[in-house]
Amino acid sequence: MSPDGGSVTLDPTTVVTVNRKATKSSRSWISIDATGQKTVLDENKYAIMHRVQIHARDLRILDPNLSYPSAILGRERAIVLNLEHIKAIITAQEVLVRDSSDENLIPVLEEFQRRLPVVQGDATEAGEEDESPFEFRALEVALEAICSLLAARTTELETSAYPALDELTLKISSRNLERVRKLKSAMTRLTARVQKVRDELEQLLDDDDDMADIYLSRKLVGVSSSISVSDEPLWYPTSPTIGSKISRASRMSLFSVRGDDENDVEELEMLLEAYFMQIDSTLNKLTALREYIDDTEDYINIQLDNHRNQLIQLELMLSSGTVCISMYSMIAGIFGMNIPYTWNDEHGYVFKWVVSLTGTFCAVLFVIVLSYARFKGLVGSWWSNEK
């Protein structure tokens, strides 16, 4: 029976569409219950808030048009889950997923349908998973999907980045630099996504009260126990304003009859720690990739500095040679002046000596300048590279 009184089939593979009066604020949701049945709901936000007993601010977190960080929030009757493309509300009986055109959401929905139904009398591995509460199985599917997706993206990035960086160290070109720049930008975006999921899991693991809020089945058992010893009706106000007045202490007191069980979060803690380690491993891979990129950038900068130093050394050599040749040109210019002197009467004898001595002096001066520069360490590396 659907919420509006319409009949639906019980075939888990059947998608049932519940028609609602179209309103301006209606949104499409996908509901998957404990039998694996998937139903498409065209509900407005007030109907969803009434259905799962959450506030409007919690529903805004799941709005795909708004940008909110990753969040796993435990409420009185639901878990608000905002992890990347998975925007869902988990209750003790069903999972409501925001209908999205994201292709990555399709395998997640299929996994929900496969793993949420309880298999009776089956001793397989799936039977062991059925011992967990419904909300834990749904939460595990979502965490596994997100961690696997981010790990796959990281592996793809590593496969492309490391060869590109090695190629850049061998040949510095505009094409290789542009390729590495795009990979670095992709790595930065992916690291931010992984970091958000990791921080949310770490924050949840650090707070036992938040983890206790996620035990929806335990709350229902506690409420049922309290009803058995009290005639007070079980009803929670649908108004967010009234509902906000219920403190965490008063909510926890509803199932305090179970003794110390409400403080036992070991099962959820083990579940979260497993995926925290997986997402932390993914983040470590991205950190190692960032360090490799930084090392490559440092190596390239060293290469460029070395080439720049070689150009400076070459410029020093050319400048020294220019000074020596300038002195030779000065002597040639003096002898080329139209001034009467007696040296012209020697029939070229003095000319040969002047040319020879001037050339020898300039060559010796050039060697002295280079020797001094090498002594000061200005051209030592260039000479070593040449040898």
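**Exercise 1. Determine which residues of helix α3 are buried, and how they are arranged about its axis.**

Solution. Step 1: in helix α3, which spans residues 105-115, the buried residues are Leu105, Val108, Leu109, Phe112 and Arg115. Step 2: viewed down the axis of α3, these buried residues fall within an arc of 145°, so they line one face of the helix. Step 3: on the other side of α3, Ile106 and Arg114 are exposed. Step 4: the spacing follows from helix geometry, because an α-helix has 3.6 residues a turn and residues three or four places apart therefore point the same way. The model in which these positions are examined is a predicted one.

**Exercise 2. Describe helix α1 from its start to the residue that follows it, including its buried residues.**

Solution. Step 1: at the start of α1, a side-chain oxygen of Asn44 comes to within 3.2 Å of the backbone nitrogen of Tyr46. Step 2: within α1 (residues 45-52), the buried residues are Ile48, Met49 and Val52. Step 3: seen down the axis of α1, its buried residues fall within an arc of 100°, so they line one face of the helix. Step 4: after α1 comes Gln53, which has a positive phi, near 60°.

**Exercise 3. Decide whether Asn82 is buried or exposed, and list what surrounds Asn82.**

Solution. Step 1: Asn82 lies in strand β5, which covers residues 79-83. Step 2: the relative accessible area of Asn82 is 2%; the cut-off for buried is under 20%, so Asn82 is buried. Step 3: a polar atom of the Asn82 side chain lies 3.1 Å from the backbone oxygen of Pro69. Step 4: not counting residues up to four places away in sequence, Asn82 touches Ile61, Leu62, Tyr68, Pro69, Ser70, Ala71 and Lys87.

**Exercise 4. Classify the exposure of Arg153 and name the residues that Arg153 touches.**

Solution. Step 1: Arg153 is placed in helix α5. Step 2: with a relative accessible area of 30%, Arg153 is partly exposed. Step 3: leaving out residues up to four places away in sequence, Arg153 touches Asn104 and Leu190. Step 4: Arg153 and Thr282 are 129 residues apart in sequence, and their C-alpha atoms are 9.6 Å apart in space.

**Exercise 5. Summarise the chain as a whole and examine residues 353-373.**

Solution. Step 1: the secondary structure of the chain comprises 13 helices and seven strands. Step 2: of the 387 residues in the chain, 35% are buried. Step 3: the chain exposes about 22600 Å², of which carbon and sulfur atoms supply 56%. Step 4: among contacts between residues at least 6 apart in sequence, 65% join residues at least 24 apart. Step 5: an unreviewed UniProt entry places the feature "transmembrane region" at residues 316-341 and 353-373. Step 6: in the model, the span 353-373 is 100% helix and 0% strand, with its end C-alpha atoms 30 Å apart.

Notes. Residues are numbered from 1 along each chain as its sequence is written. This is a predicted model: local features need pLDDT of at least 70, side-chain atom pairs count only at pLDDT 80 or more; totals for chains, interfaces and linings use all residues. Side-chain values use heavy atoms; hydrogens and water are left out. Buried means under 20% relative accessible area, exposed over 50%, partly exposed in between (1.4 Å probe, protein chains only). Helices (H or I, at least four residues) and strands (E, at least two) are DSSP runs, numbered from the N terminus. The arc is that of the directions from the helix axis to the C-beta atoms. A polar contact is a pair of N or O atoms within 3.5 Å; within protein, one must be able to donate a hydrogen and the other to accept it, and residues adjacent in sequence count only if both atoms are side-chain atoms. Contact means heavy atoms within 4.5 Å. Accessible areas come from the Shrake-Rupley method with a 1.4 Å probe; for residues, only the protein chains shown count as cover. UniProt positions are given in the numbering used here, feature names are shortened, and annotations may be inferred rather than shown by experiment.
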